Amino acid sequence: MALNMFLQHLINAVGLGSLYGLIAIGYTMVYGILRLINFAHGDIFMLGAYFVFFATIRYKLPWALGVIIAVAGAILSGLLVDLIAYKPLRNAPRISALISAIGVSFFIENASMVAFTAKPQAVIQPKQLVEAFSVGGVRFVPLNIIVPVISFILVGMLLWMIYRTKQGLAMRSISHDIETTRLMGVSVNRIIALTFAIGSGLAAVAGIMWALRYPKVEPLMGFTPGFKAFIAAVFGGIGSIPGAMLGGLALGFIEIMSVAFFPTLSGYKDAFAFVLLVIILLVKPTGLMGEKLEDKI
Amino acid sequence: MLEIKNLDVWYGGIHAVKNLSMTIEKGEIATLIGANGAGKSSTIRAVAGLVKGASGSVSYASRDGGTVSILGKPPEYMVKMGISLSPEGRRILPHLTVEENLMLGAYSRGDKTGIARDMEAGYNLFPRLKERRKQKGGTLSGGEQQMLAVARALMSHPDLLMLDEPSLGLAPILVEEVFDTIKKINGEGRTILLVEQNAFAALKIANKAHVLETGSITLSGTGSELLQDAKVQAAYLGG
C-alpha cells in the first residue's frame, strides 16, 4: 500500500477511534463510580446528534449555537436517566440497575422512533468542514482532522479535572469507598450527577461529530457505536479514562485497517469489535490499563 | 455541645442501640467503652449521619450559637456543622496520596489559606505524614494510617471530633502515641467523642465515660471513677 494511502487510512482510524473513545469515557466513568453499565449511554449519543440536527438543519440556527443546545440537551437527558432509572435503585442489587439500564435504553430508542420517525435524516455538512485540501500528495478533509483534535482536547481537559480539582478527587475517592467519601463531606449524589453530566456531554460531542462524518441521523444510530465504545472501555480497562481513549483508538485502528488491507472482509467490519471483546475477556479481563477488579461488598 | 436523647438504632431486625441518652459538654473528652457489638459504633455512626434506621433526637450546639436537631441529616451536613468522624478501620483511600487524603478531608471548605494552614497543623501533629505526603495511602504502616485518619478528620476543622477505635490493631507504643495526640487535640479546644475497646487507655484520658452493654448505657462517670469501679475492672480492664 502506498504511503499516502496508508496515511489517509490512519487519519480515518484516529478519527473513528477518538469518537469511540469519547463515548467510551462515559461508560467507564459511570462504571468506575457506580459499578453500572449505563446501556442508555449510546442513546444519549444519538440524542445529541438529533438535537444538533434539529437546531441547525430544521431550525437553521448557527452551528455554534446548535452545538451548545445539543450538548446541554444531552446533559439534561443523561441527568434525567440517572434520576429516573438509576437513582431509585442506588441501594438495590446491581442486577436491578443493569436491567433498568437496558429498559431505559429501549425506551429512548423507541420513543425516538415515534418522535423523530425511524427514517434516517440527512445532515448537511458545512462546506468548510468537508472541502479537501492536500499536503504533499495526501488529501485531508478538515473534518477528519478536527474530530480527533477536539476529542483529545476534551480528554485532556477531563484528565485535568479528575486529577487537579476537588470534584475530581471526590470521583476518584467514591470509586473506592463511598461511605468514607461521604464522611469527608462530599455529597455523593452531586458527584454522581456530575459524572453523568460529563459523560453525556462528551457523548453529545461525539454524536455531533458522528452525524457530520456519516452525514445522517437515525434513532438507532447509537446502538452499534455505543456497543463498540463499551467494548473499547473494557479493552482499555473499565474504570480508566486514558484506557477508554486508548481502547477507542485501538478499536478504530483495527476496524479501518483490517478493511483497508483485506477489503473482502468489509462485510465483517462490525464483528471485529465483538471478536476483540471475547478475546480480552478470555485473556486479560481487566483490560490494558484496568485495575484489578475486586468485587465490592 | 451534643445531646443524645432516647436514641434507637435498628439494623434490619437487630436492635443495636436501645433508648440511649447522653450529653457531651463543650471541651471535654467523652468516651464510650464496651465490648464488641455493644452498640458503640452504631451510636457514633448515627451522630455522623451514616445510619438510616435511627430514631430519637440528637441536638447539637452549632458554632453560630444556635441549637440544631441533626439526627437523620446526611454526613455532608454534619461535616458542615463541625462534626467529623474518623471511622473504624481508618478507611484511608489506598490509591490516593497522603496529601490527597488530607485534601479530601477538607472537601467541605472553600478557604484555601485555611486549608493550607490546617494541613501544616496536621503535619506538625504527625511529622511522619509530612515525610510521606506524596506516598500512596496504601503504602503506609498501620500506625501511620491511623495518624492520617485522625489528621484527615481534622481537615474539616471540626468542633466535635469523633474517633471510632483509633487504637485498633496498633502496637502498645503507638496506642500511647495516638492517645497523647488525642489529648493534645483536645487541648486545642476541640470536643472529643472517643469510642474504644481499649478501655484502660480511653478511661485514662476521658473526662466523662459511659459503659455500653448490648445497646444501653449501664454505667456512667468520670474517667477516673470508672477506672476505680470494680465491675469495670472485672469486665474491661482484665482486673
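How many bridges join strand β3 of chain B to strand β9 of chain B, and in which direction do the two strands run relative to each other? In this predicted model, five bridges link β3 (residues 29–34) of chain B with β9 (residues 208–213) of chain B, and the two run parallel. Within β9(B), Lys208(B) stands opposite Ala30(B).

Both strands belong to an open sheet of six strands in chain B, ordered β6-β7-β8-β3-β9-β10, with mixed pairing. At the edges are β6 (83–86) and β10 (216–222) of chain B, each of which pairs on one side only. On average, neighbouring strands of this sheet are turned by 15 degrees against each other, direction ignored.

Two helices of chain B lie across strands of the sheet. Helix α1 (residues 40–48) of chain B lies across β3, β6, β7, β8 and β9 of chain B, at about 145 degrees to β7(B). Helix α7(B) lies across β3, β7 and β8 of chain B, at about 155 degrees to β8(B).

Helix α7 (residues 172–187) of chain B has 16 residues and reaches 23 Å from its first C-alpha to its last. Its buried residues are Val175(B), Val178(B), Phe179(B), Ile182(B) and Ile185(B). Because these buried residues fall within an arc of 115 degrees when seen down the axis of α7(B), they line one face of the helix. They pack against α6 (142–154), β7 (160–164), β8 (191–196) and α8 (199–205) of chain B. Exposed residues on the other side of α7(B) include Asp180(B), Lys183(B) and Lys184(B).

Between the chains, 19 residues of chain B are in contact with 15 residues of chain A. The chain B side of this contact divides into eleven nonpolar, four polar and four charged residues.

Methods
Residues are numbered from 1 along each chain as its sequence is written. Chains are lettered from A and ligands numbered from 1 in the order in which they are written. This is a predicted model: local features need pLDDT of at least 70, side-chain atom pairs count only at pLDDT 80 or more; totals for chains, interfaces and linings use all residues. Two residues are in contact if their C-beta atoms, placed from the backbone, lie within 7 Å. Ala, Val, Leu, Ile, Met, Phe, Trp, Tyr, Cys and Pro count as nonpolar, Asp, Glu, Lys and Arg as charged, and the others, Gly among them, as polar. Helices (H or I, at least four residues) and strands (E, at least two) are DSSP runs, numbered from the N terminus. The expected span of a helix is 1.5 Å times one less than its number of residues. A residue is buried if 20 or more other C-beta atoms lie within 10 Å of its own, exposed if 12 or fewer, and partly exposed in between; C-beta atoms are placed from the backbone. The arc is that of the directions from the helix axis to the C-beta atoms. Two strands pair if DSSP finds at least two bridges between them. Axes are lines fitted to C-alpha atoms, for helices over the stretch in contact, and angles run from 0 to 180 degrees between N-to-C directions.
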